[in-house]
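This report covers helix packing and aromatic contacts.

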Amino acid sequence: MNTTRFAFAFLTSFSVFQIQLLTADDAAVALPTKSTLVIHAEQGKNTISRNIYGQFSEHLGACIYDGIWVGEDSSIPNTRGIRNDVVAALKKIEMPVVRWPGGCFADQYHWEDGVGPRDQRPRRINASWGGVVESNAFGTHEFLDFCEQVGAAPYISGNVGSGSVEELAQWIEYMTAATNSTLSDLRRQNGRDEPWKIPFVGIGNESWGCGGQMTPEFYSDNYRRYNEFVKNFSGNRIYRIASGSNGDDTNWTEVLMRNVGTRMNGLSLHYYTLPTGNWSKKGSATVFGEADWFATLNRALHMDDLVTRHSAIMDRYDPQKKVGLIVDEWGTWYDVEPGTNPGFLYQQNTLRDALVAGITLNIFNNHCDRVKMAAIAQLANVLQAMVLTDKEKMVVTPSYWVFEMFVPHHDAQLLPSELQSANYQFGTNAIPEISASASRDNSGKIHVTLCNLNPNQPAEVAVDLQGAKAQSITGQVLTAPAMNTHNTFDNPDAIKPMDFSAFKTTDSGFNVTLPAKSVVALEVD
Ligand code: AHR
């Protein structure tokens, strides 16, 4: 075996040390590129809120009906009508918070339609999504039962677009008041004695669009009026979230910060990743080449720019960072799967989505001084879903696995880091090929999550761990042979995390070699 072959044999087992024996003559081999990551283990001061790992569930397509709710009489195993398999899957990723009932649907939703005996609830047209008939079988009690079954905090999205101040005020009283008011008594009559705690309330959704086509000035005034009547009853304390900007619209943020300021606790931001950037032809979820891969990841990286720019505006009005940036809708948005209802937004989820999730969650971690909550769209069967269901079958997606791998970051202390990334070059364009974030949990363990965006080459990252020593490291990797590998009901484990050991401690930290197109999570003790 000559030196080249000897070294290559080690390369395939991701041994960092031997890779360095390769010579320039080996240019044809997919050599790892080199990047560096300095982690300041001694400088952590901000907490990564677990609420960054939140979910969004809307009355849209099969998200609620089939995805969460099957009804008590269903043959699909359920607890009070809620799917047991979905609850179990969400518990594993420790879903901290879930937003409901929309989205656009929230601004057409009237809560009284969804309480009381189910067979007497009105049927309404879901004019936001597909024009289907909404049975209202899943309403306030069912949603809050779902939250309790998973152990997640509810985030209620209030109707500002077509509702009234009185309606939202009464919904809050119905859910949270411990008194014997008529509304609390109605709640008891409908089966719930104790009031619920409702920690998060959104005042409108996309008020610049489907939530009412408002200007930021008009919405600011509306926010102030609605907010005044959203009361804290019986010890419940509400974190109030204002409807925020559409992606790059920094003027919305400017006006809200100026006119509303700290009357809100959080200001939302919505941004979706479309491979083409073109809403009328977004691109396929599963049939794509490297150009689409590159374009999608490039657009996912734009989240960093957005968070930075919106945060800079917020910093001017709120230097103490009292108002959180709440990215309560994010994720990939493709053309719907062929043959499915265009109004249902059903799409598959591949390794590419896992990379989008890893990149985005690393961005949120690194901006946790301002980003206090986020919600990927959506929980089941819609857009970048955690789970896909088909009657009694359920499969978890590659994005789900990224959420599972990132659980150790929940409520951990962010460790500031500096990344010098090699480029992933495609044609004449280039983006950084590494994405990373690091945290320290309560027990002192350090967690590092890394993505290699390059689908063609492994990437070596030299990690300089300042203020800590790597005694032992364990890891997991999510990757697959093809960029579009995905799980199906027939092949549910086509892509799932595997044990990972392509790292080696060094005097200053460790070196790790990330396989091409991968997400890696390391625990350093
Ligand atoms: O998540 C799908 C839709 O996208 C939501 O209803 C809306 O808020 C956004 O435009």
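The text below takes the helix pairs and then the aromatic rings.

This is a predicted model, in which local features need pLDDT of at least 70, side-chain atom pairs count only at pLDDT 80 or more, and totals for chains, interfaces and linings use all residues. Residues are numbered from 1 along each chain as its sequence is written, and side-chain values use heavy atoms, with hydrogens and water left out.

Helices are DSSP runs (H or I, at least four residues) numbered from the N terminus. Axes are lines fitted to C-alpha atoms over the stretch in contact, with angles from 0 to 180 degrees between N-to-C directions.

| Helix pair | Angle | Axis separation |
|---|---|---|
| Helix 7 (residues 216-228) and helix 8 (residues 250-259) | about 40° | 9 Å |
| Helix 8 and helix 9 (residues 290-317) | about 20° | 10 Å |

Helix 7 is therefore oblique to helix 8, whereas helix 8 and helix 9 are roughly parallel; angles under 35 degrees count as roughly parallel, over 145 as roughly antiparallel, 65 to 115 as roughly perpendicular and the rest as oblique. Between helix 7 and helix 8, the contact (heavy atoms within 4.5 Å) involves Pro216, Glu217, Tyr219, Ser220 and Arg224 of helix 7 and Asn251, Trp252, Val255, Leu256 and Asn259 of helix 8.

There are 22 aromatic pairs in the structure, where ring centres lie within 6.5 Å and planes under 30 degrees apart count as stacked, over 60 as edge-to-face and the rest as tilted. Trp100 and Tyr109 have ring centres 5.6 Å apart and planes at 70°, so this pair is edge-to-face. Both Trp100 and Tyr109 are buried (under 20% relative accessible area, 1.4 Å probe, protein chains only). One aromatic cluster is formed by Trp69, Trp100, Phe105, Tyr109, Phe138, Phe143 and Trp171.

Key. Helices (H or I, at least four residues) and strands (E, at least two) are DSSP runs, numbered from the N terminus. Rings of Phe, Tyr and Trp (its six-membered ring) pair if their centres lie within 6.5 Å; planes under 30 degrees apart count as stacked, over 60 as edge-to-face and the rest as tilted. Buried means under 20% relative accessible area, exposed over 50%, partly exposed in between (1.4 Å probe, protein chains only).
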